[in-house]
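Here is a friendly walk through a structure, with an eye on its charged pairs, its chain contact and a few backbone details. Have the sequence and the 3D view open as you read.

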Amino acid sequence: MRSTRRIDRYGPLLAAGLGAAIIAYIAFFAPPEPQAPRWDGAGSTEPQHGGTFVFHHESVIRTFDPAIAYDELSSMGIRLLFDGLLDYDEETRLVPSLVEAMPTQSEDGKTFTFRLRRGVEFHCGGELTADDVLFTMERMLGPDTSSPGYVFYANITGVDEYRAGESAHIRGIRVVDDRTIEFALDEPDQTFLNAMAMPFAYPLPRSHYENPTVDVRTTACGTGPFTLDPDDWEHGVQAVFERNQNYWNAPLPYVDRMIYQENLTRDVATMRFRNGDLDAVHRFSPADYIFLRNAPAWQPYIDEHPKANLWGVGMNTQMAPFDNVHVRRAVAFVVDREAWKRQRSNRLMPTGQPLPRGFMGYREDLEGAHYTDLDRAREEMALAGHPVHRDGDRWVAEGLEDTEIEFWVGEGDTGRQYGEMAQADLAKIGLRISIKQVSFPVYLEESGKPGRVPLLLTGWNMDFPDPANFLDVLFNTSSISEQNSNNRTFYSNPIVDDLLDRARIEQDITARERMYVEAQELIVADAPWAFMWSDLTMEAWQPYVRGYHPSPVYSMDYRDLWLDLPKRRMQARHGTDLQPRHRLSGLLPFGGNL
Amino acid sequence: MGSRIGAFFFSDPRALRRFRKNRGATAGLALVVLVTLTAVVGPLLAPHSPEEQNLEELLHDNGLPIAPGENPAHPLGADTLGRDELSRLLHGGAVSMQVALFATALAVFIGLSIGIISGYFGGAVDMFAMRGVDILLSLPFLLIVIAIQRVVDRPELWTLFLLLGLLSWTTLARVTRAKTMQVRELEYVQAARALGMSRRRILLRHVLPNVMGPAIVIGTTLVAQMIIVESAMSFLGFGVQPPNASWGSMLREGQQYLSHAPRLVLYPGLLIMATVFGFNLLGEGLRDALDPKD
């Protein structure tokens, strides 16, 4: 018997019609995404107080504990919550912050005396004293903390004994009086003051951080312009920072509240930004990047600049097959830097050495610098004892036919795309890799332990403008520990260590530079990384966000900006800037231009 | 439909006639045959390797993939990593269909067995089996699949279809059980039992053919569901692993480029829609044909 009800007979037809109608509606009538900023500022010229600033990152924040945190996400929050004894101005010169003046240095260059500012209050009560600074240093350098910052302070007298548990205090740090503290070094160190400006040394109150009932990973008590109530941090979602009413550096900060949204993928973040729901964005999918870079109305609110950072494929030098230098070199020669650059819309600046352009020790023609050369890569595989031959449509490396190597990348589409490009490149020398996408905290945690992660996409942002910040952190044996290693390839070469240790304290600039060049040459030859690129980075903010200039040292340092309120809806003057393309044109052959 | 196959599915010749007259059902069947064929033969027809990246030629200078028609060798253009879109769609379809068909086969097998045993024997067996069904039905399906795939060290295709199969037999078991209880009381089954026919023979010869109808209908709609679940899982990143493609993972890969290259989302999206639509139409038609009383 045939179904007689009309709905049965015409149901499918109706459903199909409805589907077509919805698609047609989206294609022809739905409003296009905004092409220009939706909100403008009120037009004041003087900084205003008040308002809420909303920003984001694509990953999850691990902690705001300055002794442990050493990544971009955490430092964006730490810069709001804490201050250093020293800070940087816009020209990357060191300037006093929690100290009254730049520290005095003894004649032999080995002793520094810091005089603390009066009346600086911690968020959780109490005034900043020299004892708090002492506590901060001893906590950070103590054997229990396993801070990745250790390498920067190794030159303070007595640190090694203290770290080994042989002494109760660090001999080289002396509290002179309540507001005066003195640091004695084994050798005059070129980077000591830079180190004292790093978040590792941001003063913490003894009362809070020594209290065993306080979870220091999820709380924060500093002197900074904003405060964080632990209840206002919904992990993985957002952290809300409130204005510090007792901030020592009044009238800063200008903004009442800062909302740090975590875990927003790039495309979602940009969509919210274009809708006016986010106040600043800093990472883009290629499509969003191309849009913002070309939309005339956005140009005044965009900044694009080369970033002092480094990216590459890291290879764990203690794990097979990367314990063989020839395999590592083969990888360094096989990764196709130009192709990756194109896929990322030309936002990568290919390189083949550990130091970014412009750093002391960078050489355009560095001997042995990595470049892309497939034949050379296959030669290295042969030297490694894994000659490569073709088998059908694949390349196979002898002895590694059944080896699958885990390649660790960050989460999100970008991580996956890097993973897939590396997969395709390494397949050309017969290395089979599987992509392991993990959240950022897991990535940091696991890759900091020896013997865990064989292959990883790894990068480094500058903390201070000195080659030591790249070479010591990433390639010195002293950056290896049981946890929180920053030398994530566990690369260890005594000659390199010796050069780096001597270069750090060398007073003669020319000699220092020579040592760094030499160290670079040894590192590229050993190839713990396939050195690949520095970023060309873009940031965008809303027209009503004022007083924000990307810092040359800190990523997305939002602490001093102000909001030009009330917001006004942007006039239609930008309406014709970009004709919305017909939505269906991309679906049709020849782009619909038939 | 060939008469022998027809005879297998439609023990009642009137059912075949009913099915043929149902326009929606025949359209559904056509769609299903088309998609299944694509899934089986597609990978052989694919003009390029679905994994081969050509970032130099198949991406514009600004990093966006070439559009359909810009390069005659790549009629549907390229994806975000410079891979041939057509080949990926063909291979991706095969993956989606494989997962859906295997998972459904597994689910039908488990559901039928448990349903028949539970319905025929009743008692404690029935109690136990049906409470199991209750528990499974009370779990949020997608969440459980995601949770388990997450725990598995390296999620692969076969873990996915195993999971989907193991978790989606419940409705089928319930329907089969009800039908079995009904069939068990029929005179010829009673007679067979009285004549001393073995249990196995009764179950296979008399009960099974009678419960096949609803099983086929539910199985067909289950395929549609599985395709959607597989797409959802791959979209969320728990399905096929790169560089392999499935329609779901292609949706995900294209979403970032929605404003500049909406086709990357639309092609796999339309294919998923058409396939699911086809299976649902076919399922409805089969139900109308096999079980007009319901």
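## A buried charged pair

Arg504(A) and Asp189(A) form a salt bridge, with 4.0 Å between the closest N and O atoms. A salt bridge here is a side-chain nitrogen of Lys or Arg within 4 Å of a carboxyl oxygen of Asp or Glu. The two partners come from distant parts of the chain, 315 residues apart: Arg504(A) belongs to helix α16 (residues 494-505) of chain A, while Asp189(A) is in the loop between β8 (180-184) and α6 (192-196) of chain A. Helices (H or I, at least four residues) and strands (E, at least two) are DSSP runs, numbered from the N terminus.

## Reading the model

This is a predicted model, in which local features need pLDDT of at least 70 and side-chain atom pairs count only at pLDDT 80 or more, while totals for chains, interfaces and linings use all residues. Residues are numbered from 1 along each chain as its sequence is written, chains are lettered from A and ligands numbered from 1 in the order in which they are written, and side-chain values use heavy atoms, with hydrogens and water left out.

Side chains of opposite charge can pair when their charged atoms come close. Over all chains, the rule gives 47 salt bridges. One of them joins Glu72(A) to Lys307(A), whose closest N and O atoms are 3.5 Å apart. Glu72(A) sits in helix α2 (residues 72-81) of chain A and Lys307(A) in the loop between β13 (302-306) and β14 (309-315) of chain A, so this pair ties together parts that are 235 residues apart in sequence. Are these two residues buried or exposed? Glu72(A) counts as buried because its relative accessibility is 11%, and Lys307(A) is buried as well, at 19%.

Another pair is Glu304(A) with Arg293(A), whose side chains meet in a salt bridge at 2.6 Å, N to O. Here Glu304(A) is in strand β13 of chain A and Arg293(A) in helix α9 (residues 286-294) of chain A, so the parts tied together are 11 residues apart in sequence. Glu304(A) is partly exposed at 25% relative accessibility, and Arg293(A) is partly exposed at 30%.

## Where chain B meets chain A

Now turn to the interface. The contact (heavy atoms within 4.5 Å) takes 37 residues from chain B and 43 residues from chain A. Together the two chains bury about 3,600 Å², 50% of it on carbon and sulfur atoms; buried area is the accessible area (1.4 Å probe) that two parts lose on being put together, summed over both.

How many salt bridges cross between chain B and chain A? The rule finds five across this interface. In one salt bridge, Asp61(B) pairs with Arg342(A), with the closest N and O atoms 3.4 Å apart. On the side of chain B that touches chain A, α2 (13-21), α11 (247-255) and α12 (263-290) of chain B each supply at least two residues. Of the elements on that side, α12(B) gives the most, with seven residues. A network of salt bridges links Asp413(A), Arg416(A), Glu420(A), Asp79(B), Arg83(B), Arg88(B) and Glu253(B).

## Loops worth a look

Leu128(A) is in the loop between β6 (111-115) and α3 (130-141) of chain A, and counts as buried because its relative accessible area is 2%. Leaving out residues up to four places away in sequence, Leu128(A) touches Leu98(A), Leu116(A), Val120(A), Phe122(A), Val133(A) and Pro203(A).

A cis peptide bond joins Ala250(A) and Pro251(A), with omega about 10 degrees, and another joins Leu252(A) and Pro253(A), with omega about -10 degrees. Elsewhere, Asn346(A) has a positive phi near 65 degrees without being a glycine, and Ala527(A) has a positive phi near 50 degrees. Asn346(A) is partly exposed, at 33% relative accessible area, whereas Ala527(A) is buried, at 0%.

Notes:
Buried < 20%, exposed > 50% of the residue type's maximum accessible area, 1.4 Å probe, protein only.
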